[in-house]
Amino acid sequence: MRPSGKGNIVGVLLLCMISTTGLHAQKLWSQVQLNRSSVYVGEPVEVSITVYTSTWFTDGLDLGNIQVDGAYTVYFRPVSVSMYDAGTTYPGIQLIYHVFPYEEQDIVFPSLTLEVETPKEGDYIGVRRRLKTKERIIKVRPVPPGFDKADWMVATGMYVSDHWSGKLNEVKVGEVFERKITRTVYGTVAELIPPVGWDSTAKVSMYPDRTVTHNNRGKTSISSSRTERMRYLFEKEGTVTIPEMVYTYFNPYKKRLFKRTLKAVKIEVQPNPDLGVLKSVRDSLLVQQQKEVAAEEEEQPWMILGMTPEQFAVVVLFLGVIAYFFIKLLVKIYRSLKHKRAIYLQSEAYYFDQVKKSIRRGSRQSVMQALYRWIDELELREPSVGAFVKQYGTLSLHKEWETWQNEKTPKSRLTFKLWQEARDRRNKSYQVEKPTAISINP
């Protein structure tokens, strides 16, 4: 059975509607990029997750930190980005993660479900949409041959400081001195800083104290620190030599191993007549060490982004105050720009810019309309283009205007520079002839 003519028309209209909808459909997509696909153990990989839209975002995107098996992850704040393609600019939101593998096996950055809010084409109300990203595999290379795995650390820099609790030239038998060693490392997390290797020393008993670690996350980078303490109980008089300590790190960009060294320390231990104090101090240190070990096994205090709740509240309050004044400044600037824009759209300069655009397009009708609309803004005795050209135009503009008017199908275009010169001449004479207000004393 053949369809009727009416049915054909309806089908064609539906096809056109579907085609038009497809042409103007919203574009929304995500990307997951790695700055490198193969790294050593402990070497960070920057993973950027970006969502682009052909409209705009009515709400932010914040996934927080992500768990990656076999790696530590550090999340940085979302940033606004844009992409230009085929004459169109697409706004986007980008989330940046640094992933630090700690095992000698490949890791998988997991597939994620992203929820974004963005309006349809031609609308302004945000619609909640979901996108699913693809997982990415990161190849992890083992520690290179010839390097000690126990001391292996990948970083971009390291600073080592050493501090003793007392004067080393006044040490007596039975006294306890505490040594604090702090390593500040750039480009890694504190969990990947290897512990200090404390060498045993003759005539000295050693009692470790609690270790303190800290991660300091910036806008796009991270640094960390590890502080370790050791208490030395000097048990015999004579010369005691604390051996030197060497700390190393591998810079992945320079492909080199760097060293930081704490020199050996020589101490002359003086005799102490009261030897009974030695046993008392030793027992006290043992009890204290047991308490500290028990304390380390307890749950760590609740931290938010490496800060205590009180510190985090202060930072949020401070940022809120800054954001408040920044928004007020932006609103003030926006209103000022909007006011200037409104004035400009009603000014002679705006209509002269329209003349410039119409001359570039080359349409005779649009040029004539733009010229006469601009002339209306000028205070001329005779508001016509011809009168303007006659009064302010150069000889070249006279000839060009006369030729352009008389051509039935003009192929040549007007020269905007000549009109600019005539306008400048008119503005100068207008400023001279413009009457000034006269003040009359009653």
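Visitor: Which exposed residues does the face of H4 turned away from its buried side carry?
Guide: This is a predicted model. In it, that face of H4 carries the exposed residues Arg-360 and Arg-361.

Visitor: What makes one side of H4 the buried side?
Guide: Glu-348, Tyr-351, Phe-352, Val-355, Ser-358 and Ile-359 are the buried residues in H4. They cover an arc of only 115° around the axis, so they lie on the same side of H4.

Visitor: What follows H4?
Guide: Gly-362 does, with a positive phi near 90°.

Visitor: Why is Tyr-344 called partly exposed?
Guide: Its relative accessible area is 26%. Buried means under 20% and exposed means over 50%, so a value in between is called partly exposed. Tyr-344 lies in helix H3, residues 309-345. Leaving aside residues up to four places away in sequence, Tyr-344 touches Ala-349, Tyr-350 and Asp-353.

Visitor: How do you know that the span of H7 agrees with its number of residues?
Guide: Helix H7 has 12 residues, 395-406, and at 1.5 Å a residue these should span 16 Å. The end C-alpha atoms of H7 are 17 Å apart, which agrees.

Visitor: Which residues of H7 are buried, and which exposed residues does the face turned away from them carry?
Guide: Leu-397, Glu-400, Trp-401 and Trp-404 are buried. Because they cover an arc of only 100° around the axis, they are on the same side of H7. The face turned away from that buried side carries the exposed residues Leu-395, Lys-399, Glu-402 and Asn-406.

Visitor: Which residues touch the most other members of the largest nonpolar core?
Guide: Val-47, Ile-49, Tyr-97 and Phe-109 do, in a core of 31 residues. Strands that each supply at least two residues of this core include E3 (45-53), E5 (88-101) and E6 (107-109). A second, separate core has 27 residues, among them Val-160, Val-173, Val-204 and Val-240.

Visitor: What does Phe-109 touch?
Guide: Not counting residues up to four places away in sequence, Phe-109 touches Val-47, Ile-49, Ile-66, Val-68, Tyr-97, Val-99, Glu-135 and Arg-136.

Visitor: What makes E1 and E4 edge strands?
Guide: They belong to an open sheet of 4 strands in the order E1-E3-E5-E4, with antiparallel pairing. E1 and E4 each pair on one side only, and they are the edge strands. Neighbouring strands of this sheet are turned by 15° against each other on average, direction ignored.

Visitor: Why are E1 and E3 said to pair?
Guide: Two strands pair if there are at least two bridges between them. E1 and E3 have 7 bridges, in the antiparallel sense, so they count as a pair. Within this pair, Trp-29 stands opposite Tyr-52 in E3.

Visitor: How many bridges join E7 and E8, and in which sense do they pair?
Guide: There are 7 bridges, and the pairing is antiparallel. Thr-118 stands opposite Val-127 in E8. The hairpin of E7 and E8 has 6 residues between the strands, and in this hairpin Gly-122 takes a positive phi near 80°.

Conventions. Residues are numbered from 1 along each chain as its sequence is written. This is a predicted model: local features need pLDDT of at least 70, side-chain atom pairs count only at pLDDT 80 or more; totals for chains, interfaces and linings use all residues. Side-chain values use heavy atoms; hydrogens and water are left out. The expected span of a helix is 1.5 Å times one less than its number of residues. Buried means under 20% relative accessible area, exposed over 50%, partly exposed in between (1.4 Å probe, protein chains only). The arc is that of the directions from the helix axis to the C-beta atoms. A nonpolar core is a set of buried Ala, Val, Leu, Ile, Met, Phe, Trp, Tyr and Cys residues joined through side-chain atoms within 4.5 Å. Contact means heavy atoms within 4.5 Å. Axes are lines fitted to C-alpha atoms, for helices over the stretch in contact, and angles run from 0 to 180 degrees between N-to-C directions.
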